[in-house]
Amino acid sequence: MEVKTSKDHLKIHKLKKKVLRKQVRAQHTLMRHEGIECISHATQSLVIANAGLGNGMSRHQLLRMVEEYGLVETLLMPPNKPYSFVKYGTTEEAKKAFDALNGKEVTLEDFGQNIVLYINFVEKVFWENAAPTSLPPGIMVIENIISPEEERRMLESLDWTADEDIQNAQKTLKHRRVKHFGYEFCYDNNNVDKDKPLPGGLPEICDLFLEKCLKQGYIQHKPDQLTINQYEPGQGIPPHIDTHSAFEDEITSLSLGSEIVMDFKHPDGRTVAVMLPRCSLLVMAGESRYLWTHGITPRKYDVIQASELGQKVGTITADVGDLTLNRRETRTSFTFRKVRKSPCNCIYPSVCDSQKGQQRQIEPSFPHSEMEALKLEQEYVHKVYEEIATHFSSTRHSPWPQIVEFLRSLPKGSIVADVGCGNGKYLGINEDLYMVGCDRSKNLVDICGEKNFQAFVCDALSVPIRSGSCDACISIAVIHHFSTAERRLATIRELARLLRPGGMALIYVWAMEQEYKNQKSKYLKEKNGSKDKEEKISTGVARTPLSDQMPDSSSQDSARSDQLLNDSKDKGCDAEPVTDSRLPVHTNRTSFHSQDLLVPWNLKGGPKKKGESTDAVLFAAGSKESQELSPVFHRYYHVFCEGELEAACRSLDCVRVQKSYYDQGNWCVVLEKL
């Protein structure tokens, strides 16, 4: 009996030594790899090694375990890490949990695997959450696009046991089962053989679904190619971009049987995890279709928001206080595509096979009609800002002092509209004001929302705010994006409409004169640049040229535009006369030589190399230069000559110019409503 007792004591002693050894090793690992310092005395906070999302522990299981020993104030589970933090209401509760759980063997409920917990005290529980991420531009996810009954019928229509030589080219790949309809999708090059359509077309069961999508406007073209994939837990698809020359802009995917997390990655390294709920439709267009890779990581579980249980559309934000694991089930996807009949002419030549080795010329023209102006602004202002919104916002964080001074000079309680608010950098300057912003870019307005600012989408020519309801308005770097004198004047008139009598408006526009009174503007001074400069721009490939076949405008509109331009030149503006209607591309950080021009925006930054030509802006799509500079977007600007903005304001009977001045490369006016 005594021998048995002695052996038991020895066994317990060895076990305790092993637990202590592993506990110390966990301390060193946490310190070396994560910078987390464990301490010897008891506190309210614990770090639990081997109990993280990264090694298969779900929030539900861990919370249930730690709640047995007291009130849990915080449970933090960092994504992809094999440890978690827990904070109790008292130190005594934390000590109880430490004594009970340190060295304890538990079984992971979702995997049936045994693990041993190793616990240490920490001084504080803290973790810096990643900022909320937006969906990649061009992505739309529609929840509950079909009913459970429709889902059942679509799944039951699939016969995975049929002979593989049947017309729909059924195959079993290494990572999943697949069927093709219309055309066979070739996975080695993400393409199709357009000369070998499959007989039979798309299955009839898809007809009603596609008709509904077309009617609701979710898709613009009826697909003629369908790939059906079936994934078991642990299977996935490699990151890829569907070949540009193979398919049109729109690619849609219907998720059946189970939700899934799809991973998107931008060439600059940004990644976004997007939840695709069961019975939802993913639509990829524009940047998300052409530039971002998409794929499904092969794993048996996804990290998701615990509060939504994987059923909410949107990105998976690294909120360590709201993450858990979701076990994957069998998922079937219906991916619809429209086969392209002509070469791709997208704005991403560095990743476009149609444009590889080709040269593209910039040929947008100065508008001579309202319709041409609308198209120019749509292509070279609105679409560009939607594409560059995230990068643009990251460079717009320093408010300009004289604008701050204007906002802080307004009486407490003033109602102020920021028309063209961008990312909202002025909306929070003065907390004593009631400020609301609006912008033409939905993606920039979404960024305002992430900052808890009040903003909405609208055009500066038609702001849905009651006339005479604002005490003040600001329009910062907006009016120079309108391409005719009439449209620029109309934006000023719209600002005046919003103001009450006595209300003030502050307007900033980019100046033609970047050197004024023998002083160079900040824009010119930063020619050599710094990594913190606000605007990273360079020459490169422009967007699609405007059509030469646009309807003509009335001679009165053109004459009015020419008159205002000529008035400006009479005042000493050095703009070159327009000898033809093509818009020149501006050279980064140099003086302006034309009032109407295209200014490049290099999404990835990258300095312009010495001696580069800026007129033709031609690079082979696959070249090193193209990869360094692309994707490059071009924004239309009308830069104002001295006196031009003031003259436009004075032409309105309802306002008085109270002040005009030059501020670091911008012409500025303060108006008062009469």
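This is a predicted model: local features need pLDDT of at least 70, side-chain atom pairs count only at pLDDT 80 or more; totals for chains, interfaces and linings use all residues.
## An edge of the sheet

Ile 39 stands opposite Phe 121, a residue of strand S7. Strand S7 covers residues 118-122 and is joined to S1 by two bridges, the two strands running antiparallel.

S1 and S7 belong to an open sheet of five strands, whose order is S1-S7-S2-S4-S3 and whose pairing is antiparallel. At the edges are strand S1 (38-39) and strand S3 (72-76), each of which pairs on one side only. Strands in a sheet are held in pairs by backbone hydrogen bonds, in either a parallel or an antiparallel arrangement.

## Helices across the strands

Helix H2, made of residues 59-66, lies across strand S2 (45-49), S3 and strand S4 (83-88). The direction of H2 is at about 150 degrees to that of S3.

Helix H3, made of residues 91-101, lies across S2, S4 and S7. H3 runs at about 155 degrees to S7.

## Aromatic pairs

How many aromatic pairs does the model contain? The count comes to 16 aromatic pairs. One of them is formed by Phe 98 and Phe 121, and it is stacked because the ring planes are at 20 degrees, with the centres 4.9 Å apart. This pair links distant parts of the chain, since Phe 98 is in helix H3 and Phe 121 in strand S7, 23 residues apart. Phe 98 has 17% relative accessibility and therefore counts as buried. Phe 121 counts as buried too, at 7% relative accessibility.

Another pair, Trp 400 with Tyr 508, is tilted, with 5.7 Å from centre to centre and 40 degrees between the planes. Its two residues are 108 residues apart: Trp 400 is in the loop between helix H7 (370-394) and helix H8 (401-408), and Tyr 508 is in strand S28 (residues 499-510). Is Trp 400 buried or partly exposed? Its relative accessibility is 25%, so Trp 400 counts as partly exposed. Tyr 508, at 0% relative accessibility, counts as buried.

Lysine side chains lie over aromatic rings at two places described here. Lys 179 is over the face of Trp 160, 5.1 Å from the ring centre. At Tyr 661, the charged end of Lys 659 sits over the ring, 4.8 Å from its centre.

Methods. Residues are numbered from 1 along each chain as its sequence is written. Side-chain values use heavy atoms; hydrogens and water are left out. Two strands pair if DSSP finds at least two bridges between them. Helices (H or I, at least four residues) and strands (E, at least two) are DSSP runs, numbered from the N terminus. Contact means heavy atoms within 4.5 Å. Axes are lines fitted to C-alpha atoms, for helices over the stretch in contact, and angles run from 0 to 180 degrees between N-to-C directions. Rings of Phe, Tyr and Trp (its six-membered ring) pair if their centres lie within 6.5 Å; planes under 30 degrees apart count as stacked, over 60 as edge-to-face and the rest as tilted. Buried means under 20% relative accessible area, exposed over 50%, partly exposed in between (1.4 Å probe, protein chains only). A charge sits over a ring if NZ of Lys or CZ of Arg is within 6 Å of the ring centre and within 35 degrees of the ring normal.
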